[in-house]
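This report is meant for someone meeting the structure below for the first time. Please look over the sequence and the model before reading on.

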Amino acid sequence: MMKIFNSTFETSIRILILLDQIRIPLSRERIVNYDLMACFAKDFGVTDYNLHGEDHEEAAELPARRIRVNNALKKLVLDGYVLPQKNNVFLFTLSNSGRQYVHSLSSEYASKYASAVNCIHHRFSSKNDSDLLIIICTRDKENTQ
């Protein structure tokens, strides 16, 4: 039986949607942080919904999410859906075939995730990757006090 939840496939779909929405080269770490923040966008004050429930300990998910994103990026690059930047292999963009694939998706989840990604990027685009990590970890700490 194929596992869909928390799989490389599920993560790959979210990465494709994320890169389609942002449309600028992103680091792996920014992809990880934005993905986590978009899945729990309500907890970060940018939407009125969390796509992945009411976890409230998002930072605890980061190590496993990094591994899934890394595996998904490898597969997406090998499949030609994502392109590493020529001058910097640590930045990723969507290829034309990746964009075509994203545009073939139609589901409420995909639409809500895309909207959450846009809200996250609008709110946090001026922050660097380290700042995003601090925001994620600080948010968790505030909720445990």
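The sections that follow move from the overall layout to helix packing, the nonpolar core and a few individual residues.

## Overall layout

The model described here is a predicted one. The protein contains six helices and three strands, and, when it is read along the sequence, these elements follow the pattern α-β-α-α-β-β-α-α-α.

Of the 145 residues of the protein, 44% count as buried. Among the contacts between residues at least 6 apart in sequence, 68% join residues that are at least 24 apart.

Two packed helices are described by the angle between their axes and the distance between the axes. For α1 and helix α4, which covers residues 96-103, the angle is about 105 degrees and the axes lie 9 Å apart. Because angles of 65 to 115 degrees count as roughly perpendicular, α1 and α4 are described as roughly perpendicular to each other. On the α1 side, the residues that take part are Phe9, Ile13, Leu16, Ile17 and Asp20, and they meet Gly98, Arg99, Tyr101, Val102 and His103 in α4. By residue class, this contact of α1 with α4 divides into six nonpolar, two polar and two charged residues.

The axes of α1 and α3 come within 8 Å and cross at roughly 75 degrees, which makes α1 roughly perpendicular to α3. Here Thr8, Thr11, Ser12, Arg14, Ile15 and Leu16 in α1 meet Arg65, Arg68, Val69, Asn71, Ala72, Leu73 and Leu76 in α3. The residues of the contact of α1 with α3 divide into six nonpolar, four polar and three charged.

## The largest nonpolar core

In soluble globular proteins, nonpolar side chains tend to be buried together. The largest nonpolar core of this model has 40 residues, and of these Ile15, Leu18, Leu19, Ile31, Met37, Val82 and Tyr113 touch the most other members. Several elements each supply at least two residues of this core, namely α1, α2 (28-39), α3 (62-78), β3 (91-94), α5 (108-124) and α6 (129-144).

Which residues does Ile31 touch, not counting residues up to four places away in sequence? With that exclusion, Ile31 touches Ile15, Leu18, Leu19, Leu26, Val69, Leu73 and Phe92.

When residues up to four places away in sequence are left aside, Leu16 touches Leu76, Tyr81, Val82, Leu94, Gly98, Tyr101 and Val102.

## Residues at either side of α1

Ser7 is found in the segment before α1, the helix that spans residues 8-22. With a relative accessible area of 9%, Ser7 is buried, and the side chain of Ser7 reaches the backbone nitrogen of Glu10 at 3.0 Å.

Arg23 lies in the loop between α1 and β1, a strand of residues 26-27. At 51% relative accessibility, Arg23 counts as exposed. Most residues other than glycine have a negative phi. For Arg23, by contrast, phi is near 65 degrees, a positive value in a residue other than glycine.

Thr138 is found in helix α6 and, at 34% relative accessibility, counts as partly exposed. The side chain of Thr138 reaches the backbone oxygen of Ile134 at 2.6 Å. Thr138 and Ala59 are 79 residues apart along the chain, and their C-alpha atoms are separated by 9.0 Å.

Key
Residues numbered from 1 in each chain as written. Predicted model: local features only at pLDDT ≥ 70, side-chain atom pairs only at ≥ 80, totals over all residues. Heavy atoms only, no water. Helix = DSSP H or I, 4+ residues; strand = E, 2+ residues; numbered from the N terminus. Buried < 20%, exposed > 50% of the residue type's maximum accessible area, 1.4 Å probe, protein only. Polar contact = N/O pair within 3.5 Å; in protein donor to acceptor, adjacent residues only side chain to side chain. Axes fitted to C-alpha atoms, helices over the stretch in contact; angles between N-to-C directions. Parallel < 35°, antiparallel > 145°, perpendicular 65-115°, else oblique. Contact = heavy atoms within 4.5 Å. Nonpolar A, V, L, I, M, F, W, Y, C, P; charged D, E, K, R; others polar. Core = buried A, V, L, I, M, F, W, Y, C linked by side-chain atoms within 4.5 Å.
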